[in-house]
Amino acid sequence: MSRSRYKSLVDAFADDIRSGRLSPGTRLPTHRELAAHEGLALVTASRVYAELEAMGLVSGEIGRGTFVRETSLPPGHGIDQPDVTAGMLDLNYNYPAVPGQAELLRTALRQLALSGDLESLLRYQPHGGRQHERGAVARHLLASGLNVPGEQVLIVNGAQHGLTVALMALLQPGDVIAVDALTYPGFKALALALHLELLPIPSTEHGPDLDALAKLCCSRSVRAIYTMPTLHNPLGWVMDLEQRKQLVAIARHHDLQIIEDAAYAFLVENPPTPLAELAPERTLYVSGFSKSVAAGLRVGFIVAPAAKVAALERVIRVTAWNAPGVMTAITSAWLDDGTVSRLEGQKRKDAQRRQLIADEVLDGLHRVRHPSSYFVWLPLSEDARADQVAAALERQQVSVSTAQPFATSPHVPHAIRLALGSVAIEALREGLEKVRWVVGAYA
């Protein structure tokens with residue numbers, strides 16, 4: 001087969017996929033069917049699909065076939081971060097997965113289809129979730145050191161929705177929230193949309209500068225603090241128990257509401273006591289299952305003081321009415337049968353394995369990270385510019401984030417964040433080697 005004929009077939013498939021004539025999820029002919037239909041050698045048909053997969057347009061599933069991938073995600077869907085184009089190694093976003101998760105979902109859907117309660121999932125759900133589902137989350141949280149009744153758990157549409165509900169229930173436009181000088185970009189975007197002022201807290205090597213926080217509370221009318229005490233994104237710190245007690249004392253003295261983001265807390269083995277356990281009267285604990293299970297699940301939860309539950313339910317009602325019934329039913333079943341705990345353990349090991357690869361490849365570079373996290377923070381040399389490093393890596397087909405999306409103060413450090421959890425582990429080394437080469441060139 002001529003090179004032009006081969007490329008024409010690849011281009012024809014690509015055009016059909018990008019134009020929508022072949023919609024996401026469409027199953028393509030088998031390799032043998034394609035070869036027979038087009039008069040190709042089997043190896044050539046396989047090369048056609050391999051090139052389409054390398055372009056990010058299809059995915060091959062062992063034993064099931066080749067399927068058209070979803071390619072319509074809007075630019076910047078990662079919150080102020082560049083879109084990841086086809087063929088690029090994604091060290092920008094984290095959506096960790098372990099083998100077998102698709103089969104878990106397939107089995108769960110079969111079981112759900114056979115359940116006698118299926119029709120109830122087609123109706124509106126209670127605003128905070130059904131009681132047995134709230135109880136499943138509460139039981140799961142016992143392993144994290146958080147002991148709460150199911151009545152104080154509210155199920156939401158992912159952790160980002162949980163943060164939205166928390167802020168809308170607790171605060172008013174113009175209120176001041178203390179946050180780390182580097183923090184989760186999604187929270188920055190949310191505060192901007194709700195017209196809330198972010199007051200940056202300087203960082204130390206092991207957590208926020210709590211003495212600086214106390215001084216800020218004396219000079220400004222701070223209403224709340226947003227914090228990630230267990231596996232901070234992007235710096236990876238875990239606040240020790242004494243730091244947590246000091247933060248709680250400051251919050252009580254200045255009557256601050258605490259918003260505890262625990263999105264990555266599952267990666268830390270034997271973590272210190274959550275703030276929600278130390279200060280249950282003023283802490284909203286927000287997390288979800290996007291990282292521990294799957295990003296597409298969109299099931300999250302808020303643990304709240306009993307006095308705040310009604311206000312939170314009202315906000316859930318006006319923002320989403322209720323949590324997604326089908327996904328919540330699957331998640332609660334996985335919580336009860338131990339699937340979520342098993343996935344959390346597998347992902348802890350996966351993150352540790354990836355960090356070991358990063359340690360080996362990036363040896364000699366200044367790195368800030370937790371050994372069980374899915375990200376590495378790379379401060380750059382004084383002469384290097386993060387935007388130039390990121391642009392150079394993009395030309396090398398590697399996508400990373402600079403510090404800009406994370407910064408809440410006017411001073412934006414020259415650093416890049418590497419997300420380790422999205423690329424196949426065999427591709428991770430290649431991506432990190434390119435990072436080392438580019439960073440070294442700008443040192």
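Helix α12 comprises 12 residues and reaches 16 Å from its first C-alpha to its last, close to the 16 Å expected at 1.5 Å a residue (the expected span being 1.5 Å times one less than the number of residues; helices are DSSP runs of H or I with at least four residues, strands runs of E with at least two, numbered from the N terminus). The model is predicted: local features need pLDDT of at least 70 and side-chain atom pairs count only at pLDDT 80 or more, while totals for chains, interfaces and linings use all residues. Residues are numbered from 1 along each chain as its sequence is written, and side-chain values use heavy atoms, with hydrogens and water left out.

Within α12, the residues G325, T328, A329, I330, T331, S332, W334 and L335 are buried (under 20% relative accessible area, with exposed over 50% and partly exposed in between; 1.4 Å probe, protein chains only). These buried residues pack against α4, α5 (131–141), β4 (153–156) and α13, contact meaning heavy atoms within 4.5 Å. After α12 comes G338, whose phi is positive, near 90°.

Helix α4 (residues 101–113) has 13 residues, of which Q101, A108 and L112 are buried. The buried residues of α4 fall within an arc of 35° seen down its axis, so they line one face of the helix; the arc is that of the directions from the helix axis to the C-beta atoms. Their cover includes α12 and α13 (339–361).

V326, located in α12, is partly exposed, with a relative accessible area of 33%. Together with L105 and L109, V326 makes a nonpolar surface patch of about 210 Å² (patch residues have over 30% relative accessible area and no salt bridge; like charges are joined within 9 Å, nonpolar side chains (Val, Leu, Ile, Met, Phe, Trp, Tyr) within 5 Å; areas come from the Shrake-Rupley method with a 1.4 Å probe, and for residues only the protein chains shown count as cover; a salt bridge is a side-chain nitrogen of Lys or Arg within 4 Å of a carboxyl oxygen of Asp or Glu).
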